[in-house]
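I opened my notebook to look up a few things in this structure.

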Amino acid sequence: MSNQPIDRQAGEDSAVPRFTEFPTTGYDEWRAAAEAALKGGSFEKRLITKTHEGIALQPMYRAEDVDGLPHMGSLPGFAPFVRGTQVLGYKHAPWEVSQELANATPESFNQALRADLERGQTAVNMRLDLATLLGEDADTTESGRVGKGGLSISCLGDVTAALTGVDLEQTPIFIQTGASGLPLLAMVLAMLGKQSRSAAKLRGCIGDDPLGALAGSGRLPRSLNGAYEDLAQLTRWAAANAPGLRTVLVRGHPYHDGGGNAVQELAFALATGVEYLRELQARGVTIDQAAPRVLFAFSLGSNLFMEIAKLRAARMLWAKIVAAFGGGEEARKIHVHARTSGWNKTLYDSDVNMLRATTEAFSGVLGGCDSLHIGPKDEIARVPSDFSRRVARNAHTVLREEAGLTRAVDPAGGSWYVENLTDTLARKSWDLFREVEKQGGMAKALSAGFPQQQVTAVSDQRAKAYAQRRDIFVGTNMYPNPTDEPLTPEPIDHVALQQERTRALKASRQSTDADARRDALEKLAQATPDRRVTTAVAAAAAGATLNDLWKALTTGEQSDPVITPVAIKRGAEPFEDLRRRSEVFAERTGGLPKVFLANLGPTPQHKARADFSRGFLEVGAFEVIGNEGFGTTDQAIQAAIASGAGAVVICSTDKTYPKLVPPLAKGIKATKPDTLVLVAGYPADHVEAFKAAGVDDFIHIRANCYELLDKLQNQMGV
């Protein structure tokens, strides 16, 4: 290219560079060329992508697609904060490497945490087990709750053991506490007190999310009103004593993990945040105290640009909301923690999980998250191994150091696609948010089942798309590896673990003064709201257990009614069940269920459909018996019967099927009536005639893969 200056043509935007070496081509010319290349195919159907958010993604975006968007022209660090809350973006400070650790005992948690902090992790991310989230001690909770989902905490000694050697004045801490963070915060503060360390330097989030807990489990172990009372006290205390600590957590995870879309996750999270702000204001917490104490936690799905847009839209909409509450400039800045999706991870071909998580993390960083968990490839099945933790942790380093994503401020900013998508997603989320508001807020909407119904509708839509393989789980519903070994869950011996934790708790109780503990708990139960935090800390220091603190704080409370929870699951589970059924069948019978390919004619005549059928059937872990093709139907019948297969797939061309299919199907059925006969393809003009000849079904690109394989398994006794 010559060194001629950029030519800005008359009448065009002077900010758009034009190079005279290349002719200017308009959109209409491009579209005409595209339609010609489609050879009569529909432009809308072939080149416009419809997402599960109801957004039509265009094949090309132009400058006019961002004309008039209200956020265009804004700068990083300035309202409405679409481009980030810091003027210098990650140049100011990179995102926190906040990897979750799900070890069940304080000792194993501490070992993993210290190892990871020495190898790139920058924040403590403590996942709690079910017993702890319910405020129950390890020795009195129901069997199976100790260690389920994370770390077991029952007393101050457990917190101390889990965090030994970790300087919380230098390292942020993130604890999702469920319906009440006060007992956990009290234990952390009591530990700092015994170490003569200042709570003023605490950073991170020890956060309550009662509505998130309600959405995910369908019930709370206390009343919502009681949870809001503690939330107010925690927030007021943190504003005065630990300005870097957030106490209000808003999780979009339940809606994402239920199969919901980005619009739903964002809208329901915003509605939850608004409800918390209202409840805090009703209890005397100002908007400028409350809003900076809020942490939003979002999941990151597989649609790269949608997730970038989601985080950008979240900043814009939250700023709008806080401004409506009267919050100042700093209060309008959202703080976002992100984690890669659990919904789309698979047990089979699990190395693909690393690829999924990497692209999801990339979108989170380009979207401007403040802290990030990149899921290890095996986290859906067990406590992640050292190796999988290392790979996930190193992905942060690659994105930060090798991809150089900290060197540019808002690298996605200005993209016509990203900016248009941000605005579209924000508008659709705002409309859904307003629907929740019309119902009286998020708590009433959950009680009425509105968010659950919305998420279920999209989840069903997704399930159908995966069943028909319009959407793909690589290695699960498409391109399966028959020799692949799935992730094997490593079940926890909950009985042994509970016994171990019970012994530790008994020793802790014996090491403290029972009278002092009882007196401290009596003071806590009688404490005025403004004294609840300090008296809870004193009780924890005196040896009060988690459940002791919980009982003292919730005296006289009644649990709110149970609601229908969001149905949380992974999208690949139905296909994994299909495959596992065939594997169990093999364990029982000595072999996988067999399907014979009746390939007819020379290789070019049958190969395409034989290959398609093989991949289709291997999704359900069927053993597919292939061959080079048969010259006659009699040869194919004899080979099919001799194979002992429970099903036969006829593979040839639509042109030859009318001559080949009827005698082949009749011959197989006459010799072995219980054999299932299928045809590869869907010759519409002959379907009924083929069924009359004995054909049971058809394998083709528009078939519902899950339903057909499920039907085959059932009919073959799998």
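My entries on this predicted model follow.

**Entry 1: cavities**

Rolling a probe the size of a water molecule over the atoms shows where empty space is left. I searched the whole structure and got 4 cavities of 30 Å³ or more.

I took the largest cavity, at about 50 Å³. Which residues line the largest cavity? I wrote down Gln99, Glu100, Leu101, Asp116, Gln121, His373, Pro376, Pro384, Arg389 and Arg393. Strand S4 (100-101) and helix H14 (386-402) each supply at least two residues of this lining. I sorted the lining by class and found 3 nonpolar, 3 polar and 4 charged residues.

Next I turned to the second largest cavity, with a volume of about 40 Å³. Its lining is made of Leu676, Leu678, Asp696, Asp697, Leu708, Lys711, Leu712 and Gln715. Strand S15 (676-680) and helix H27 (705-715) are the elements giving two or more residues to it. H27 has the largest share, 4 residues. By class I noted 4 nonpolar, 1 polar and 3 charged residues in this lining.

I then looked up the second largest pocket. About 950 Å³ of space lies in it. I listed 43 lining residues, and those nearest the centre are Thr85, Gln86, Arg246, His335 and Asp370. Strand S6 (173-176), strand S7 (204-208) and helix H13 (351-367) each give two or more residues to the pocket lining. Which element gives the most? H13 does, with 3 residues. The lining of this pocket divides into 22 nonpolar, 12 polar and 9 charged residues.

**Entry 2: a surface patch**

Leu75, Phe78, Val87 and Leu88 make a nonpolar surface patch of about 380 Å². I looked up Leu75 in particular. Leu75 sits in the loop between strand S2 (56-57) and strand S3 (96-97). Its relative accessibility is 48%, so Leu75 counts as partly exposed.

**Entry 3: salt bridges**

Side chains of opposite charge can pair when their charged atoms come close. I searched the whole structure and found 47 salt bridges.

I picked Arg339 and Glu100, whose closest N and O atoms are 2.9 Å apart. Why does this pair tie together parts that are 239 residues apart in sequence? Arg339 lies in strand S10 (residues 336-340) and Glu100 in strand S4, so the bridge spans that separation. Are they buried or exposed? Arg339 is buried, at a relative accessible area of 11%. Glu100 is buried too, with 11%.

I next checked Glu576 and Arg570. Their side chains meet in a salt bridge, 2.7 Å from N to O. Both residues are buried.

My last pair was Lys607 and Asp611, joined by a salt bridge at 2.9 Å, N to O. The two are 4 residues apart in helix H23 (residues 603-618), so about one helical turn separates them. Lys607 has 43% and counts as partly exposed. Asp611, at 41%, counts as partly exposed too.

I closed with a network. Salt bridges that share partners join Arg83, Arg312, Asp410 and Glu419.

Methods. Residues are numbered from 1 along each chain as its sequence is written. This is a predicted model: local features need pLDDT of at least 70, side-chain atom pairs count only at pLDDT 80 or more; totals for chains, interfaces and linings use all residues. Side-chain values use heavy atoms; hydrogens and water are left out. On a 1 Å grid over the protein atoms alone, a cavity is a set of points where a 1.4 Å probe fits but cannot get out, and a pocket is an open set with protein on both sides within 12 Å along at least five of seven lines; lining residues have an atom within 4 Å of a point. Grid points are joined across faces, edges and corners, and a volume is the space filled by probe spheres set on the points. Ala, Val, Leu, Ile, Met, Phe, Trp, Tyr, Cys and Pro count as nonpolar, Asp, Glu, Lys and Arg as charged, and the others, Gly among them, as polar. Patches are made of residues with over 30% relative accessible area and no salt bridge: like charges are joined within 9 Å, nonpolar side chains (Val, Leu, Ile, Met, Phe, Trp, Tyr) within 5 Å. Accessible areas come from the Shrake-Rupley method with a 1.4 Å probe; for residues, only the protein chains shown count as cover. A salt bridge is a side-chain nitrogen of Lys or Arg within 4 Å of a carboxyl oxygen of Asp or Glu. Buried means under 20% relative accessible area, exposed over 50%, partly exposed in between (1.4 Å probe, protein chains only).
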